[in-house]
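Dear colleague,

I am passing on the structure that we spoke of, and I would be glad if you could look through it before reading my notes.

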Amino acid sequence: LSPIELDIIFKLQYLVEDKKLLIVADNFHWFDKASIDFLNLIFSRKLIDDFPFLKQLKLVTIITKDQKSLNSDNVGAFISKFVDASYNIEPLNFENYKTLLTFLGLKEELTEEIYKLLYSFTGGHIELIKNLVSFINENSFADVGHITKSISESSYFASEILCMRMKSYGMTGEQITDILEQASIIGLNFTLDELECLTQKGKHVLEPIIKNASELKLIENKKTKLQFSHELLKNIFACKSEDRKAFYHNSFASCLRIIRPGDYVSRANHFFEAGSIDDSITLYIAAYLKCIRNGIKYSPVYLNRIHALGEKKIENYLKIMDIAYSNYNEKQYESAVSTLLSLEENIPQFLIGEKDYLISICLAKLPNQKDRITAKNILESWNDIKNEEGELWVRLMSTLMIIYIHLELFDDARKIEKKLMIYLAERERFDPDAKD
């Protein structure tokens with residue numbers, strides 16, 4: 001016996017005196033090898049001569065079958081050797097869940113929608129359900145929205161109860177919490193590719209964690225995307241990540257630059273939430289210009305952010321780009337170029353790229369070969385921004401390819417086409433824009 005094991009036996013002997021001893025090994029599937037070996041020694045009866053009180057020892061092991069065991073061989077060998085009888089208790093289903101709530105003292109009848117919400121939140125965790133009943137009895141809820149808001153804003157439910165729910169998952173529970181905290185920053189829906197980029201963990205690490213989170217009814221797998229089972233759960237995980245919120249938003253904005261570079265609104269919103277105002281304003285402008293190109297109305301909320309938070313030079317940039325795009329749409333290409341050349345250069349590099357793109361497509365429309373050569377020279381200077389701003393690079397290089405064709409530089413055009421096809425093929429799996 002080790003000193004620790006001997007100390008445990010002495011303490012048990014002191015507590016028991018002449019009483020019978022019952023040991024309950026809860027979550028026995030999570031026991032480590034040393035603990036199982038210790039129980040093996042006790043139940044082998046080898047210690048009875050020195051410690052007679054162990055003769056009356058009884059043991060109850062509790063195992064959750066659908067959870068992975070840390071030492072499945074040792075657990076299985078112990079059970080087959082020392083466990084005389086086993087009882088299978090089925091998981092708590094939804095119909096029995098409502099009965100249990102009443103049995104545990106729930107004072108008022110709830111709507112079916114609220115019952116389903118609470119079931120998805122607590123699962124069959126009895127201690128968690130008891131605490132939830134107390135919480136509901138102490139408050140009054142008008143509807144699902146009210147109860148969702150109250151639970152997510154309760155510091156107890158936002159941390160302690162969630163930990164209780166996943167306690168039996170051991171280290172995996174901590175991993176689930178960590179991953180879903182980060183997922184909550186993305187939103188109610190998220191993809192495995194997004195999660196892989198944000199967490200910097202491979203799919204082989206994430207997939208088992210996602211599977212366990214699904215078994216806990218925390219998220220649902222919708223084939224092409226993953227989704228929190230309820231907005232309440234998303235809010236709770238977001239609440240838990242509050243002190244890392246800015247870091248996660250900033251990290252995800254950087255992820256989107258790689259996996260969905262043309263999703264300028266999402267990128268801007270995450271930078272905005274991270275407090276990176278200058279970056280967010282640049283991307284809100286990029287989103288605005290994209291709406292102009294696609295003939296879509298832009299959100300007044302984001303436009304107000306540009307006007308409220310952008311510097312004077314940004315206001316001037318927006319005004320000039322508006323005029324230039326208006327000229328372009330009216331086929332006044334020379335006027336558009338003249339307007340764009342009046343822009344200051346002390347603006348973010350991305351916005352200079354947007355200006356050069358519009359100048360180039362205007363010059364490409366003019367019949368003069370000299371104008372096309374000017375456009376070619378402008379566009380060639382942007383050849384190296386693929387890894388910084390992929391969607392802008394695609395537009396610039398696509399325009400350059402067309403200009404090469406107009407200038408009968410067919411080999412150069414084919415080289416650009418090959419680069420574009422390789423880049424877009426790599427992005428197509430997780431970026432819908434790459435297919436257009």
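A charge counts as sitting over a ring if NZ of Lys or CZ of Arg is within 6 Å of the ring centre and within 35 degrees of the ring normal. In this model, which is predicted, Arg-305 lies over the face of Phe-272, at 3.9 Å from the ring centre, and Arg-395 is placed over the face of Tyr-357, at 4.7 Å from the ring centre.

As for the aromatic rings, the structure holds 19 aromatic pairs. One of them joins Phe-28 and Phe-78, whose ring centres are 5.4 Å apart with 55 degrees between the planes, so that the pair counts as tilted. Phe-28 belongs to the loop between β1 (22–25) and α2 (33–43), while Phe-78 is in helix α3 (residues 72–82), and the pair therefore ties together parts that are 50 residues apart in sequence. Phe-28 is buried, with a relative accessible area of 0%, and Phe-78 is likewise buried, with a relative accessible area of 0%. Both residues belong to one aromatic cluster, which is formed by Phe-28, Phe-31, Phe-43, Phe-78 and Phe-82.

Turning to the chain as a whole, the secondary structure comes to 22 helices and five strands, and 45% of the 436 residues count as buried. Among contacts between residues at least 6 apart in sequence, 64% join residues at least 24 apart. The accessible surface of the protein chain comes to about 23700 Å², of which 52% belongs to carbon and sulfur atoms.

Note on methods. Residues numbered from 1 in each chain as written. Predicted model: local features only at pLDDT ≥ 70, side-chain atom pairs only at ≥ 80, totals over all residues. Heavy atoms only, no water. Helix = DSSP H or I, 4+ residues; strand = E, 2+ residues; numbered from the N terminus. Buried < 20%, exposed > 50% of the residue type's maximum accessible area, 1.4 Å probe, protein only. Contact = heavy atoms within 4.5 Å. Areas by Shrake-Rupley, 256 points an atom, 1.4 Å probe, with all protein chains shown as cover. Phe/Tyr/Trp six-rings, centres within 6.5 Å; stacked < 30°, edge-to-face > 60°.
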